[in-house]
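This report is for a reader who is new to the structure. The sequence and the model are shown here.

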Amino acid sequence: MDAREKALERARGDMVLLLEARYRIRDQRILDAMEKIPRHLFIPETFRSFADPYGDHPCPIGYNQTISQPYIVAYMTTTLNPQAGEKVLEIGTGSGYQAAVIAELGVEVYTIEIIPGLAEHAQTVLKEQGYTNVHVRCGDGYKGWPEHAPFDVIIGTCAPDEVPPVLVEQLAEGGRMMLPVGEWSQRLVILRKRGGTVVQEDDLPVRFVPMVRE
Ligand code: SAH
């Protein structure tokens with residue numbers, strides 16, 4: 001391992017320590033995944049020097065989009081708690097990093113990205129990293145992915161004004177969904193489907209890019 005790779009590995013270790021110590025992330029599966037995944041490779045090369053890929057903040061990935069802050073990735077994944085064998089839908093593939101973290105949990109991930117250049121980039125990196133259980137599609141997340149519904153977990157990483165009803169329909173019984181909702185003042189919202197009814201709760205205030213319409 002050369003010096004550069006060692007430095008990246010150390011930066012990844014520090015990122016995980018911060019997740020544990022400051023942000024109280026406890027799920028070892030998720031900490032292990034984030035310790036292992038080369039987050040910097042998910043940031044397109046042109047943007048890699050703009051911000052520390054392992055820093056405690058989002059980073060630009062082109063097309064005015066960002067890869068989420070490590071804490072937000074860890075927090076949403078922990079809260080949704082995907083279990084091996086489950087089916088997960090992500091709206092907003094972006095860099096593909098969040099999809100990779102979830103894919104490490106032994107699930108099948110279906111992820112939709114509206115910007116063709118980002119969908120292609122994510123697909124390439126995910127393939128290079130060996131994730132055969134992530135399926136990337138370029139399209140409009142408001143429609144979900146009916147061919148593979150229902151999903152045990154739905155995660156949104158871009159913010160609609162309201163929870164899209166189509167996505168609630170595509171949530172399986174026992175399913176969990178988390179996404180940012182709102183225009184200026186956004187909140188993470190978590191929905192749980194039990195016995196055919198949906199219970200919705202507000203969670204953390206956040207700042208995500210909008211979920212745009214086709
Ligand atoms: N999860 C990403 C972060 C994505 S940022 C990661 O790990 O890097 C949010 C992404 O949502 C952007 O790439 C944006 O293009 C995408 N997006 C916005 N509106 C969308 C829509 N209607 N359907 C699918 N993707 C959308």
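C138 has a relative accessibility of 43%, so C138 counts as partly exposed. C138 takes part in no disulfide. The cysteine sulfur nearest to that of C138 belongs to C158, 13 Å away. The model is a predicted one, and a disulfide here requires two cysteine sulfur atoms within 2.5 Å.

C158 is likewise in no disulfide, and the nearest cysteine sulfur to its own is that of C138. The relative accessible area of C158 is 9%, and therefore C158 is buried, the cut-off for buried being under 20%. By the distance rule, the number of disulfides is zero.

## A negative patch on the surface

Which residues gather in a patch of negative charge on the surface? They are D2, E5, E9, E20, D32 and E35.

Two helices are involved: α1, which covers 3–21, and α2, which covers 28–36. Each of these supplies at least two residues of the negative patch. Which helix gives the most to the negative patch? That is α1, with three residues.

## E9 within the patch

E9 is one of the residues of the negative patch, and its place in the chain is helix α1. Is E9 buried or partly exposed? Its relative accessibility is 42%, so E9 counts as partly exposed. That class lies between the cut-offs of under 20% for buried and over 50% for exposed.

Notes
Residues are numbered from 1 along each chain as its sequence is written. This is a predicted model: local features need pLDDT of at least 70, side-chain atom pairs count only at pLDDT 80 or more; totals for chains, interfaces and linings use all residues. Side-chain values use heavy atoms; hydrogens and water are left out. Patches are made of residues with over 30% relative accessible area and no salt bridge: like charges are joined within 9 Å, nonpolar side chains (Val, Leu, Ile, Met, Phe, Trp, Tyr) within 5 Å. Accessible areas come from the Shrake-Rupley method with a 1.4 Å probe; for residues, only the protein chains shown count as cover. A salt bridge is a side-chain nitrogen of Lys or Arg within 4 Å of a carboxyl oxygen of Asp or Glu. Lys and Arg count as positive and Asp and Glu as negative; His and the chain ends are not counted. The place of a charge is taken as NZ of Lys, CZ of Arg, CG of Asp or CD of Glu. Helices (H or I, at least four residues) and strands (E, at least two) are DSSP runs, numbered from the N terminus. Buried means under 20% relative accessible area, exposed over 50%, partly exposed in between (1.4 Å probe, protein chains only).
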